[in-house]
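Reader: Could we go through this model together, one question at a time?
Author: Gladly; here it is.

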Amino acid sequence: MAELDDMLRPFVDARRHSDAPDFISETWRSGSTLLEDWGERDTLGMVTGMFFAGSDTTMHTLSNAFVLLLTNDELIQRVRTGGDDTIERFAEEALRLHGAVQFRLRKVNHDTEIGGVHIGKDETVMNLHAAANRDPGQFAHPGSVVLDRQSPKRPQDHLAFSFGPRSCAGAALARAEVQETVRAVLEWFPDIALADTAEPIGPYTGYALRSYSRVETTFTAQHERGAGLAS
Ligand code: HEM
């Protein structure tokens, strides 16, 4: 964190009095209206939080999405040939199964009971999104990619981005990133495959965010195939 602070601090300091419409300048302006003593530490905290929220999550999810594709010949073929709708459905299934964020914490507003367990006001609960996303009561064949799921839940009804008033601010961008990356990689590298190495995929590691930490692939580069890059 200290290293990341040092990397981001020049960008944060440079925008302290800026009236530009970028995120850092806006954070300085809004923060000062919220807290009298809003300072560098506060803006830096928002920026490092946003940096992680917008980069690590997507990177881990993409890594997981490609493991799903590259370990299932039938699936990769369907996603390659199925058009936009299939790519969108695949992206939702990848988010549901391996959407990187495993859990979020919540503080309880009032006494309640969940699943026969009493939970008192102000207690902290750990909502396991990853478990809910594999609930067989909600998703038939929960451990598999099902591109045409309809009920009881549709593909996009997962909890990868959380739910309710506080949920992922970047969900639309994240969805677009997963869809566009899958589309581009399959288009640009038609022969992409898992590398034939002795190393197994993975391990599947992490605490708050989980992903296959190591995925080696082989593919023929565009220029070697003599084709121009897609736009
Ligand atoms: C696949 C990628 C992503 C996943 C799985 C993901 C997931 C999540 C989850 C589960 C939360 C927690 C909400 C809660 O507290 O219950 C969250 C919050 C947040 N995400 Fe994402 N996210 C992703 C990508 C992004 C991107 C690309 C951005 C922005 C560029 C972003 C910005 C944020 C922000 C700002 C919050 C905090 C919202 C708040 O505190 O109200 N996320 N995300």
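Reader: In which loop is histidine 141 found?
Author: First, a word on what we are looking at: this is a predicted model, where local features need pLDDT of at least 70, side-chain atom pairs count only at pLDDT 80 or more, and totals for chains, interfaces and linings use all residues. Residues are numbered from 1 along each chain as its sequence is written, and side-chain values use heavy atoms, with hydrogens and water left out. Helices (DSSP runs of H or I, at least four residues) and strands (runs of E, at least two) are numbered from the N terminus. On that numbering, histidine 141 sits in the loop between α6 and α7.

Reader: Is histidine 141 buried or exposed?
Author: Buried means under 20% relative accessible area, exposed over 50%, and partly exposed in between, with a 1.4 Å probe and protein chains only. Histidine 141 has a positive phi of about 45° although it is not a glycine. Its relative accessible area is 59%, so histidine 141 is exposed.

Reader: And aspartate 122, how accessible is that residue?
Author: Aspartate 122 belongs to the loop between β3 (117-119) and β4 (124-127). Its phi is also positive, about 75°, although aspartate 122 is not a glycine. With a relative accessible area of 43%, aspartate 122 is partly exposed.

Reader: Which side chain makes a polar contact with that of arginine 96?
Author: Arginine 96 lies in helix α5 (residues 83-98) and counts as buried because its relative accessibility is 1%. Leaving aside neighbours within four places in sequence, it is in contact (heavy atoms within 4.5 Å) with residues including Asn133, Phe139, His141 and Arg149. A polar contact is a pair of N or O atoms within 3.5 Å; within protein, one must be able to donate a hydrogen and the other to accept it, and residues adjacent in sequence count only if both atoms are side-chain atoms. The side chain that meets this for arginine 96, at 2.8 Å, is that of glutamate 93.

Reader: Which residue caps the N-terminal end of α2?
Author: The backbone nitrogen of isoleucine 24 lies 3.1 Å from a side-chain oxygen. That oxygen belongs to the capping residue, aspartate 22.

Reader: What is the single protein donor to the iron atom of the ligand?
Author: Donors are N, O and S atoms within 2.8 Å of the metal (3.2 Å for Na, K and Ca); water is not among the atoms, so sites may look incomplete. Oxygen atoms of the ligand also lie 2.6 Å from a side-chain N or O atom of arginine 106 and 2.8 Å from one of arginine 166. At 2.3 Å from the iron, the donor is SG of Cys168.
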